[in-house]
Amino acid sequence: MVFSPFERQAMARALALAALGRRSTQPNPRVGCVIARDGRIVGEGWHQRSGEPHAEVFALREAGEAARGATAFVTLEPCNHHGRTPPCTEALIAAGVSRVLYASGDPNPRVDGSGAARLRAAGIEVVTGLMAEEGEELNLGFFSRMRRGRPWLRLKLAASLDGRTALADGESRWITGEAARADVHTWRAESAAILSTAATVLADDPELTARPSDAASPAGLAPRPPLRVLLDARRRIPAQARVFATPGEVVRLVAPEHAAEPGSGDAGPRERIAAIPVDGAGRLCLSAALAWMGAEQINEAWVEAGPTLAGALLQAGLVDELVVYLAPRLLGPDARPLAQLAPPTGLAEVAGWQVKDLRQIGADIRIMLRPDG
């Protein structure tokens, strides 16, 4: 189907509105809506928080009577079920819109085509596919959780130009500059969870919090602290660790035999313990950790850890996106590597990556990559 320039403009506006919910809609998808008639936008809205009105409701409220006979541009298929809010299909039908264009279908089994079917049954023209790729890109985590039962996993790495993350003695503060570190906090704020390890906490004692420079979300929404998820098979992290002293919940994933014991880090009501299976070597099963996060309705997870976890995730094929910050300095061959990887037998077996974005952040370079193919 050929879409008009105005239709593309209206959907682009709906996508921009949806993006305002990057830090606040979890576990719901980010959705925007524009109501238009006679080549003019008469109402717009975006979903702000789970449990609150959806984008269509805000847009219809703003449009009022002008919504009758109008077209609704929505970035995701309107829902058709009663959750914490009524179905958006019913709101669109009651408002009397004549046409609905949505970017991408909703993979949630409770929707997945039923929204479009309900609208058509009410005599509303339904068209899909307008800027579908952009619509799905905005909700990579939601689509991942619905389709694969696990979050979209971003692995953050910071290194020198020669791919080193720390000096041989472990010194790593700071390889990258202030602007790159601020960028990391923005990504943390947009993630539902930050995944790290006991080894990282014991070595660096990080807070693993999100402190973006523009901390206030749109419409005055308070930022939602990401869940801190720590791989701590034997419960080695002490209660005095800074990760327990900062706002936000912490979950430790532990081996089953350590789930019931008191442990060394009983840090209070904000901490939870969850047991996941271990592999033959007694290490926590990484795919099980991601499945646990999916069951917790985590859409996007941000990984900050050392080369051991980075290598394990990469070799298991569990990384959906690499976010690499390169500092303009050289640390030499004795410095620590980006990831601990088993040596390949030949280049043919080395996985390839596609560069999705490359830009300068302060004095550093940020490269975002996704698996080839």
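In this predicted model, helix H3 is followed by glycine 96, a residue with a positive phi, near 80°. The helix itself spans residues 88–95, and its buried members are Cys88, Thr89, Leu92 and Ala95. Viewed down the axis of H3, these buried residues fall within an arc of 135°, so they line one face of the helix. Their cover includes helix H2, strands E3 and E4, and helix H4 (114–121).

Two of these covering elements, E3 and E4, lead on to the sheet. Strand E3 (residues 71–76) and strand E4 (residues 99–104) pair in the parallel sense, with 5 bridges between them. Within this pairing, valine 74 has tyrosine 102 of E4 standing opposite. Helix H2 (residues 55–63) packs on the sheet, where H2 touches strand E1 (32–37), E2 and E3. The direction of H2 makes about 140° with that of E2.

The sheet as a whole is open and has 5 strands in the order E2-E1-E3-E4-E5, with mixed pairing. Strand E2 (40–46) and strand E5 (125–128) stand at its edges; each has a single partner strand, so one side of each is left without a neighbour in the sheet. On average, neighbouring strands are turned by 20° against each other, direction ignored.

A last stop is threonine 345, found in the loop between strand E14 (336–337) and strand E15 (353–361). Threonine 345 counts as exposed because its relative accessibility is 77%, and the cut-off is over 50%. From threonine 71, threonine 345 is 274 residues away in sequence and 58 Å away in space, C-alpha to C-alpha.

Terms used: Residues numbered from 1 in each chain as written. Predicted model: local features only at pLDDT ≥ 70, side-chain atom pairs only at ≥ 80, totals over all residues. Heavy atoms only, no water. Pairing = 2+ DSSP bridges. Helix = DSSP H or I, 4+ residues; strand = E, 2+ residues; numbered from the N terminus. Axes fitted to C-alpha atoms, helices over the stretch in contact; angles between N-to-C directions. Contact = heavy atoms within 4.5 Å. Buried < 20%, exposed > 50% of the residue type's maximum accessible area, 1.4 Å probe, protein only. Arc of directions from axis to C-beta.
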